[in-house]
Amino acid sequence: MKVPFLDLITPHKELEEELISIYRDCLQKASFIGGPMVQSFEEEFAKFCETKYCLAVNSGTDALRFALIAAGIGPGDEVITVPNTFIATTEAISQTGASIAFVDIDEKTYNLDPNHLEDYLRKRKSQVVSRKGSTRNTGALQHSGKVKWPKAILPVHLYGQPADMDAISEIAEKYDLIIIEDACQAHGAQYYSKKEEKWRKAGSMGLAAAFSFYPGKNLGACGEGGAVTTNDPEIARKVSMLRDHGQAKKYYHDFEGYNGRLDAIQCGILKIKLRYLEEWNEKRRQNAALYNQLFKAAAQQHCSTATLQHCSTIIPPFVPSWAKPVFHLYVIRAQQRDKLQQYLSEHGIGTGLHYPIPLHLQKAYANNGFEKGMFPITEKVAPEILSLPMFPSLSEEQIEYVVQKISEFYHL
């Protein structure tokens, strides 16, 4: 049996006529940049995310960058995020001129750990208050020159599961920091806020948020795409100008901006797909539940005292009570990860690594002063995490086959 890691063909075949109608409409109206199709998608995605505004841009990276710039982040500032994420998160920080600060992740959720965040800020506050001499390595960030106070937190809702936003928001308020959400993998994910006593959508809990519509995302374009969501009218105004060369109106430029617009055809395609997103997300949850059930059965058969989180060979995803993830990825931790991945490949099963090398150890940041050992939890899980096939049309037979082959590898 062949089990691809991702199936982008099936949904496009099923929606082919609807998607082609978008192209025809754009051809007939010659409306390719901006216009009603873009505005209509923005309105519907804002409603889906439970925000007032949505600004479509040409990539998730641009969405992150524009959100940060619109929030006032720039040279001399510092933005806190995690080392277990795609490099676009940190590219967006660096490209505003700000400095990257990392804090470690929670070992269960792989998202930003509020305890590490609090500890980092406590140390930095102590530095700012007491330091008059040279800089030093705090164990969280190697920095040089003038000590900067962090200005923003950029939590990542990784793999489609929201970070612990109540705890992060409380810390941000305490230290007077803004929050920009990286929701690029979390279209439709929900977080239960005990503080507000209600479920909140990813992308609605910070000053602004960034989404990616890269084709493999839960809501993917047929090309590049992204969006910024916000409830702040000034952020929305600035992002709208940033994506369009700093124009308030045509040929009147208040500042230098970017060519970061999302074209009408992609917005039309996304509007069609948005109608099916809840259904697709629910199928992903069902697939994840079946994976969990089968792994639990295998674990209990292997060791009588084993549970999902105590089997010595496989650790399936952990979902806190306050999260409704959308399983953009189904990520397990596995002993002998590389050998297991090779074994699955030999049996026709596609997998992925998200992410094999933490950002603080990447060559791109070799001159930033980060060192091995700074973020032990991230470094512990990086060689163990393995992304299994996950997409809405994944069948029960395919999931059973994947778990069967993993069980065979470990002799369960």
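Predicted model: local features only at pLDDT ≥ 70, side-chain atom pairs only at ≥ 80, totals over all residues.
I take two strands to pair if DSSP finds at least two bridges between them. Helices (H or I, at least four residues) and strands (E, at least two) are DSSP runs that I number from the N terminus.

Residues are numbered from 1 along each chain as its sequence is written, and side-chain values use heavy atoms, with hydrogens and water left out.

**Entry: strand β6 and its partners**

I looked up tyrosine 191 and found that arginine 200 in β7 stands opposite to it; strands β6 (residues 190–193) and β7 (residues 198–201) are antiparallel and pair over 4 bridges. The hairpin of β6 and β7 has 4 residues between the strands, and glutamate 197 in this hairpin has a positive phi near 60 degrees. I then found that β6 also pairs with β13 (residues 323–324), in the antiparallel sense over 2 bridges, where alanine 323 stands opposite tyrosine 191.

**Entry: the open sheet**

In which order do the 3 strands of the open sheet lie? I read the order as β12-β14-β15, with antiparallel pairing. Between β12 and β14 (residues 330–334) I find 2 bridges in the antiparallel sense, and isoleucine 314 has alanine 334 in β14 as its bridge partner.

Helix α3 (residues 36–49) has 14 residues and spans 20 Å from its first C-alpha to its last, close to the 20 Å expected at 1.5 Å a residue, the expected span being 1.5 Å times one less than the number of residues. Among its buried residues I list Met37, Phe41, Phe45 and Phe48 (buried is under 20% relative accessible area, exposed over 50%, partly exposed in between, with a 1.4 Å probe and protein chains only). Glutamate 50 follows α3 and has a positive phi, near 60 degrees.

The largest nonpolar core has 33 residues, and those with the most contacts inside it include Phe41, Phe45, Phe211 and Leu270; such a core is a set of buried Ala, Val, Leu, Ile, Met, Phe, Trp, Tyr and Cys residues joined through side-chain atoms within 4.5 Å. Among the elements that give two or more residues to this core are α2 (16–29), α9 (264–274) and α10 (277–302), whereas α3 gives the most, with 7 residues.

**Entry: cysteines**

How many disulfides does a search of the whole structure find? The search finds 0, a disulfide being a pair of cysteine sulfur atoms within 2.5 Å. The closest cysteine sulfur to that of cysteine 49 belongs to cysteine 54 and is 6.9 Å away, which is too far for a bond. For cysteine 26 the closest is in cysteine 267, at 9.3 Å, also too far for a bond. Cysteine 26 is buried, with a relative accessible area of 1%, and cysteine 49 is buried with a value of 1%.
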